[in-house]
Amino acid sequence: MAWATDDQQAVRAVLETSRWMVTGWKVMSELPNPVNFDAASAYVEERHVRELFSVGPDPEAHVAHVRAYVEAGYDHVVLQNAGPDPDGFLDFFAGDLAARLRALG
């Protein structure tokens, strides 16, 4: 997920710091160094991020993303914020997201 105060800021943060996550496990687990990750993720675009990440400030977007995993049978979900503001994410999680996610399970 990528929390930010607006969707576009969240997408930009993913493209700057975490675009390699879009490439899949084979790339993430086997490429030996940063230059290889850069090459493998050079063609990742905004649309790819929006397909795989929940982005922005809307808690329901993030809940919907997690709900898919809960409905598939997962009983533990780890959230990693790829957004630009870790402290803002923690405030968002505590105030707007945690209770909604706990209600899923």
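Q: Which residues does Asp7 touch, not counting residues up to four places away in sequence?
A: This is a predicted model, where local features need pLDDT of at least 70, side-chain atom pairs count only at pLDDT 80 or more, and totals for chains, interfaces and linings use all residues. Residues are numbered from 1 along each chain as its sequence is written, and side-chain values use heavy atoms, with hydrogens and water left out. Contact here means heavy atoms within 4.5 Å. With residues up to four places away in sequence set aside, Asp7 touches Arg50, Val55, Gly56 and Pro57.

Q: Is Asp7 buried, exposed or partly exposed?
A: Asp7 is found in helix α1, and helices are DSSP runs (H or I, at least four residues) numbered from the N terminus. Buried means under 20% relative accessible area, exposed over 50%, and partly exposed in between, with a 1.4 Å probe and protein chains only. At a relative accessible area of 33%, Asp7 is therefore partly exposed.

Q: How far apart are the C-alpha atoms of Asp7 and Gly83?
A: Along the chain, Asp7 and Gly83 are 76 residues apart.

Q: What is the separation of the C-alpha atoms of Gln9 and Val70?
A: Gln9 also has its place in helix α1, and its 26% relative accessibility makes it partly exposed. Leaving aside neighbours within four places in sequence, Gln9 is in contact with Ala4 and Pro84. Gln9 and Val70 are 61 residues apart along the chain, and their C-alpha atoms are separated by 27 Å.

Q: Is Ser18 buried or exposed?
A: Ser18 sits in the loop between α1 and α2. Apart from residues up to four places away in sequence, Ser18 touches Ala13, Phe53 and Ala82. Its relative accessibility is 6%, so Ser18 counts as buried.

Q: Which residues is Met21 in contact with, leaving aside its neighbours within four places in sequence?
A: Met21 is placed in the loop between α1 and α2 and is partly exposed at 27% relative accessible area. Its C-alpha atom and that of Leu52, 31 residues apart along the chain, are separated by 9.1 Å. Beyond those sequence neighbours, Met21 is in contact with Met28, Phe53 and Gln80.

Q: Are α5 and α6 roughly parallel or roughly antiparallel to each other?
A: Axes are lines fitted to C-alpha atoms, for helices over the stretch in contact, and angles run from 0 to 180 degrees between N-to-C directions. The axes of α5 (residues 59-71) and α6 (residues 86-104) come within 10 Å and cross at roughly 30 degrees. Angles under 35 degrees count as roughly parallel, over 145 as roughly antiparallel, 65 to 115 as roughly perpendicular and the rest as oblique. That is why α5 and α6 are roughly parallel.

Q: Which residues of α6 does α5 meet?
A: On the α5 side, the residues are Pro59, Glu60, His62, Val63, Val66, Arg67 and Val70. In α6, they meet Phe92, Asp96, Leu97, Arg100, Leu101 and Leu104.

Terms used:
Helix = DSSP H or I, 4+ residues; strand = E, 2+ residues; numbered from the N terminus.
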